[in-house]
Amino acid sequence: GTHVRSAGDAAWATGDSRDALQLIAEGVTEVAGFGVAAISVARDDGYMQVMAVAGSDDARRTLEGARTPIAELMEEVAKADDWGLLKFVPHERLDLDDGAWGWVPDYEPLDVPDAWHPLDLLVAPLRYADGVLRGSLSIDLPRDGRRPDAEQRRLLELYAGQAGRAVVTALEREALAEQVRLAEAARTIVRRASAKLSLEQVLAESREALLEGFRAAGLWIQTLDDGG
């Protein structure tokens, strides 16, 4: 299964970043022989958020923007068979509450020893050179109904490497966009704050720029008396 919890979407830095992740996910479905691929990005709040889904309109509607706690995902990954960059958790090892996770394919497993089960978990945690978890590539629904063989695993590892680099690039773009936005907010505040204005007027003029720069819903400013 493609195991993520549903939740709201969040803004992404640029359309180019999302497009790059989408192309990689589509490569997994078109070349590696899987029905669904999803790429998620690790967020600062401890959640993994799906940013690209390929292969199934139903999966895309369910998963896009969905979030799952990173700690819970990694608890399941700890039970996995180690396939290099790929981690495989057979469904019988998973500890999932009914209905707690996202899209699961609706099909009957083949009656063979290496049959793929709808709740099997195949995921590549995406880490870059610094070893920090940056995202994940989840793969589901092999077209032949079987757990991937050595050749499929080799292809999937290539796509996992691409996905890891793309996620790091996207996060760097997002961080740069954040810096630019905050710098612009600071410049706006400086332009509006004149020596001729009172403290109350400076705060009133700066409020809009601060709210926009920090994408905040509310603003509280505390001033301290210098004791003079």
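## The main nonpolar core

The largest nonpolar core of this predicted model holds 29 residues, and Ile39, Leu122 and Leu137 have the most contacts inside it. A nonpolar core is a set of buried Ala, Val, Leu, Ile, Met, Phe, Trp, Tyr and Cys residues joined through side-chain atoms within 4.5 Å, where buried means under 20% relative accessible area with a 1.4 Å probe, protein chains only.

At least two residues of this core come from each of helix 1 (15–31), strand 1 (34–42), strand 2 (47–54), strand 5 (86–89), strand 6 (121–127), strand 7 (133–142) and helix 4 (150–192). Helix 4 supplies the largest share, 8 residues.

Leaving aside residues up to four places away in sequence, Leu137 touches several residues, including Ile39, Leu122, Leu156 and Tyr159; contact means heavy atoms within 4.5 Å.

## Basis of the values

Residues are numbered from 1 along each chain as its sequence is written, and side-chain values use heavy atoms, without hydrogens and water. Local features need pLDDT of at least 70 and side-chain atom pairs count only at pLDDT 80 or more, whereas totals for chains, interfaces and linings use all residues.

Methods:
Buried means under 20% relative accessible area, exposed over 50%, partly exposed in between (1.4 Å probe, protein chains only). Helices (H or I, at least four residues) and strands (E, at least two) are DSSP runs, numbered from the N terminus.
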